[in-house]
Amino acid sequence: MAEQQVALHRAHPWLAAVSALPSPLGPHVLDHVEWVIGVLAPVGAPAGAVMEAVALTNGAAALFASAGSSAGPGLFRDLEPGRQPGLAALLAGAAPSPPSDDLFRRVLTGILTAVLDTPARR
């Protein structure tokens, strides 16, 4: 489901900006929310946690869809080691490589586990 959202955001780059505007949800968005609620129903999480999961899944999908276009050699061009020493040290020790193929899945799993595994369910 979330990977489909990433594909949708990549196909329509304007979608993240429009989604961030406070406006009533249209019928297709409401259909999507209804579908996600159905997917998450077997989890048995409280309603608030389910709605948080819907919102965070949508946000993560939009973020990952847009992140691919912003990464590149110029991303840290304004880095000043004296001003951002921690980041400079971290980058100096990091081997340049693309993100792992499962990064989105791992991040989303962490988000959903944290949101849906409420203390009342433990």
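User: How are residues numbered, and what pLDDT do local features need?
Analyst: Residues are numbered from 1 along each chain as its sequence is written, and side-chain values use heavy atoms, with hydrogens and water left out. In this predicted model, side-chain atom pairs count only at pLDDT 80 or more, totals for chains, interfaces and linings use all residues, and local features need pLDDT of at least 70.

User: Which two residues form the aromatic pair, and is it stacked or edge-to-face?
Analyst: Rings of Phe, Tyr and Trp (its six-membered ring) pair if their centres lie within 6.5 Å, with planes under 30 degrees apart counted as stacked, over 60 as edge-to-face and the rest as tilted. The search of the whole structure finds 1 aromatic pair. Its rings lie 5.0 Å apart, centre to centre, with 65° between the planes, so the pair of Phe64 and Phe104 is edge-to-face.

User: How many residues apart in sequence are the parts that this pair ties together?
Analyst: Helices here are DSSP runs (H or I, at least four residues), numbered from the N terminus. Both Phe64 and Phe104 are buried, a word that means under 20% relative accessible area, while exposed means over 50% and partly exposed in between (1.4 Å probe, protein chains only). Because Phe64 lies in helix α4 (residues 47-70) and Phe104 in helix α6 (residues 103-116), the parts tied together are 40 residues apart in sequence.

User: Which residue forms a salt bridge with Glu3?
Analyst: A salt bridge is a side-chain nitrogen of Lys or Arg within 4 Å of a carboxyl oxygen of Asp or Glu, and by this rule the count comes to 2. Glu3, in helix α1 (residues 2-11), is linked to a residue in helix α6 that is 102 residues away, although Glu3 itself is partly exposed at a relative accessible area of 45%. The N to O distance is 2.6 Å, and the partner is Arg105.

User: How far apart are the closest N and O atoms of Asp102 and Arg106?
Analyst: Asp102 is partly exposed, with a relative accessible area of 36%, and Arg106 is also partly exposed, with a value of 48%. These two residues form a salt bridge in which the closest N and O atoms are separated by 3.2 Å.

User: Is Thr57 buried or exposed?
Analyst: Thr57 has its place in helix α4. With contact meaning heavy atoms within 4.5 Å, and not counting residues up to four places away in sequence, Thr57 touches Met1, Ala2, Gln5, Leu108 and Leu112. Its relative accessibility is 3%, so Thr57 counts as buried.

User: Which residues does Val33 contact, leaving aside its neighbours within four places in sequence?
Analyst: Val33 lies in helix α3 and is buried, with a relative accessible area of 12%. The C-alpha atoms of Val33 and Met51, which are 18 residues apart along the chain, are separated by 8.6 Å. Leaving aside those neighbours, the residues in contact with Val33 are Met51 and Val54.

How values were computed:
Helices (H or I, at least four residues) and strands (E, at least two) are DSSP runs, numbered from the N terminus.
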